[in-house]
Amino acid sequence: MKVAISQLAVRYGATQVIDGLDLSAGPGEILAILGPNGSGKSSLVKAVAGLVPHAGSITFDGEARRPGRIGYMPQDIGARAALTVLETVLLGRLGRLGLRVGEADLAAVDAVLTELGLHRLAARYLGELSGGQRQLVFLAQALAAEPRLLMLDEPISALDVRHQLEVLEIVRRLTVARRLTTLVVLHDLNMAARFADAVAVIRNGRLARFGAPADVIDEAMLAQVFGVEASVALAGDGRPNVTPLRASRH
């Protein structure tokens, strides 16, 4: 599914958080959305998900109508501690559930729980899990919808480095295998460089840079957008690797 965003604008009261943003993403690709805190990253994915009013246009394969099969994992999730992991992930298929849970629904949930290593936790309550485990459960919920469009807002923020790599490897594999269009908000520049096909850098609600990681993530961009001095070197696979040195004094 191709997602095309044209002249997107989002306002909360008198505050303009996104102003005239153009962007696109295609099937089988991961688009990483980067930017400082408060730059409009979460508002962008909420607009695409249809959760906030916006001006401008967002089309899905050329159609303005938003598809039913969207997987969305927000940054701030209100977790109901009384739900089990299985029940929580089943909610990801809410649009497909009838009066009874069907075998296809249970099979889809079982598959995604296994994929994320959560099968042994299926009967546990959310309130019994660590923050990182809960984050994996909500990723499973987004994937259980079998979406064509997957949007993840900081999906690895509560995970240790091993699980960060595992989660993004899974997202990468499923994006390619299922031809998903995946938008992911990240703070870790090196993770973005390693796993994304393209990166969009947002500053003050506007698109500052857009393109392949090696073309976008450089020392000049980091100084201009993030206000840091950094060393950027290409790894053996041609992906940039960022070493932050100090906050800019400008």
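Ile-30, Leu-168, Val-171, Val-184, Leu-186, Met-191, Phe-195 and Ala-196 form the lining of the largest cavity. Two or more of these lining residues come from each of helix 5 and helix 6 (189–195). The space in this largest cavity amounts to about 40 Å³, and the count of cavities of 30 Å³ or more is 1. The model is predicted, so that local features need pLDDT of at least 70 and side-chain atom pairs count only at pLDDT 80 or more, whereas totals for chains, interfaces and linings use all residues. Residues are numbered from 1 along each chain as its sequence is written, and side-chain values use heavy atoms, with hydrogens and water left out.

A cavity is a set of points, on a 1 Å grid over the protein atoms alone, where a 1.4 Å probe fits but cannot get out; a pocket is an open set with protein on both sides within 12 Å along at least five of seven lines, and lining residues have an atom within 4 Å of a point. A volume is the space filled by probe spheres set on the points, which are joined across faces, edges and corners. Helices (H or I, at least four residues) and strands (E, at least two) are DSSP runs numbered from the N terminus.

## Second largest pocket

The second largest pocket holds about 260 Å³ of space. Its lining consists of 18 residues, and Leu-116, Leu-118, Leu-136, His-163 and Glu-166 lie nearest the centre. Helix 4 (131–144) and helix 5 (161–177) are the elements that give two or more residues to this lining. Helix 5 supplies the largest share, 5 residues.

## Buried helix and strands

Helix 1 (residues 41–49) is largely enclosed by the rest of the structure, because 8 of its 9 residues are buried (under 20% relative accessible area; exposed is over 50%, and partly exposed is in between, with a 1.4 Å probe and protein chains only). The buried residues of helix 1 are Lys-41, Ser-42, Ser-43, Leu-44, Val-45, Ala-47, Val-48 and Ala-49. Gly-50, which follows helix 1, has a positive phi near 80 degrees.

In strand 5 (residues 70–73), Ile-70 and Tyr-72 point one way, Gly-71 and Met-73 point the other way, and all are buried. In a regular strand the side chains alternate between the two faces of the sheet. Strand 5 pairs in the parallel sense with strand 6 (residues 149–153) over 4 bridges, where pairing requires that DSSP finds at least two bridges between two strands. Leu-152 in strand 6 is the bridge partner of Met-73.

## Hairpin and backbone angles

Strand 10 (residues 228–234) and strand 11 (residues 240–247) run antiparallel and are joined by 7 bridges. Val-228 has Ala-247 of strand 11 as its bridge partner. The two strands form a hairpin with 5 residues between them, and Gly-238 in the turn has a positive phi of about 85 degrees.

Most residues other than glycine have a negative phi. Glu-146, in the loop between helix 4 and strand 6, has a positive phi near 50 degrees and is partly exposed at 31% relative accessibility. Glu-154, in the loop between strand 6 and helix 5, has a positive phi of about 55 degrees, yet is buried at 13% relative accessibility.

## Salt bridges

The structure holds 10 salt bridges, each a side-chain nitrogen of Lys or Arg within 4 Å of a carboxyl oxygen of Asp or Glu. One of them links Arg-206 and Asp-19, whose closest N and O atoms are 2.8 Å apart. Arg-206 lies in strand 9 (residues 206–211) and Asp-19 in strand 2 (residues 15–25), so this pair ties together parts that are 187 residues apart in sequence. Arg-206 is partly exposed at 47% relative accessibility, and Asp-19 is partly exposed at 31%.

Asp-61 and Arg-148 also meet in a salt bridge, at 2.9 Å from N to O. Asp-61 lies in the loop between strand 4 (55–60) and strand 5, and Arg-148 in the loop between helix 4 and strand 6, so the pair ties together parts that are 87 residues apart in sequence. Asp-218 and Arg-209 form a further salt bridge, with the closest N and O atoms 3.1 Å apart.
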